[in-house]
Amino acid sequence: IGVLTAAALVAAPAAACSDKGSGSGGKTRITLVQGMAGEEFYETMACGARRQAAAMGVELKVQGPQKFDPTLQTPIVNSVVASRPDAMLVAPTDTKALIAPLTQAKAAGIKTVLVDTVVDDPGIGVSRISTDNVKGGATAASALAARIGDRGKVLVISTDPGVSTVDARIKGFEQEIRARHPKVAYVGVRYSHNDVSEAGRIVNAALARDPDLAGVFATNLNSATGAGSALQQAGRLGKVKMVGFDAGPAQVRQLQDGVVQALVAQLPGEIGARGVQQAVAAVRGRTVTPSIPTDATVVTKENLARPEIQKILYRT
Ligand code: T6T
């Protein structure tokens, strides 16, 4: 796990994403359906996609549900399909619930690229672009084990079962703990429904049940924000170590404040940019890459100031 640079991509530095649209003059029309609107991971992805679309002269629209919820995302996908773009970039919020609407998209001839998350139907998505989340989960496990002296109880906080990315992170975490950290006791996973307050309540309940809890792995932005705040409020800083996935502004603050000891940062801007490239290739009948893994990087208080790390922090 390191930092990947791709010369073919338009750089999307951590500065503000000013170009909010790529115009409507381009012939190829693409829509990005985010997992959730306004959330730093997906906004950074949108920014990368917008820049790439502008560079390639194609039109890009961005939409997303207010919550990470398949019942809210499905009608958005349906309305995008009804508007007949040439291609769609989609981050499905559930591995099963989004199969039907995405099958409709396919039947309508809309080229679909899956960005970040996937569905359980291999026939959906001409290309799938995402972090290697199993590897990312394993990386989180090693980072947490190292900070707790390789012993003690560890808890995982995730969003909901059926979200491909976080499920894969849990899998990688569990595999790594079982294979290489015999004195670390995995106490299991609790689901926050991607709600910050619920993640906090889970940590409080875990501390009451296991006062000797040694570590927490929070599998995404909201899980980490809530879990970190709860540890801070409980006065358990330094006693309970935490590793989070993703690197939004709240996570970076928690890292600086010593609430969190390490973050596994993804490259959402690159996922968005590559998504546009693949969508355009599919629409133009060019070679499409079915699966593109993007890299992840461990961010710590020690390496935070480095320019290559600053560059990958998520934008607001
Ligand atoms: O971790 C990302 C994304 O990869 C995941 O699929 C859902 O949660 C995030 O958007 C962060 O909150």
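A polar side-chain atom of Asp246 sits 2.5 Å from an oxygen atom of the ligand, which makes it a polar contact (a pair of N or O atoms within 3.5 Å). The protein covers 99% of the 300 Å² of accessible area that the ligand has on its own, going by the Shrake-Rupley method with a 1.4 Å probe. This is a predicted model, where local features need pLDDT of at least 70 and side-chain atom pairs need 80 or more, while totals for chains, interfaces and linings use all residues. Residues are numbered from 1 along each chain as its sequence is written, and side-chain values use heavy atoms, with hydrogens and water left out.

Here are the side-chain contacts with oxygen atoms of the ligand:

| Residue | Distance |
|---|---|
| Glu39 | 2.6 Å |
| Arg169 | 2.8 Å |
| Asp246 | 2.5 Å |

So who else is around the ligand? The shell also includes Phe41, Tyr42, Asp116 and Gln266, where being near takes a heavy atom within 4 Å. Helix H1 (40–56) and helix H5 (164–180) each give the shell at least two residues; helices here are DSSP runs (H or I) of at least four residues.

Now for another spot: the second largest pocket holds about 180 Å³ of space. A pocket is an open set of points on a 1 Å grid over the protein atoms alone, where a 1.4 Å probe fits, with protein on both sides within 12 Å along at least five of seven lines; lining residues have an atom within 4 Å of a point. Of its 15 lining residues, Asp116, Val118, Ser130, Thr131 and Asn133 are the closest to the centre.

Definitions and conventions:
A polar contact is a pair of N or O atoms within 3.5 Å; within protein, one must be able to donate a hydrogen and the other to accept it, and residues adjacent in sequence count only if both atoms are side-chain atoms. Grid points are joined across faces, edges and corners, and a volume is the space filled by probe spheres set on the points.
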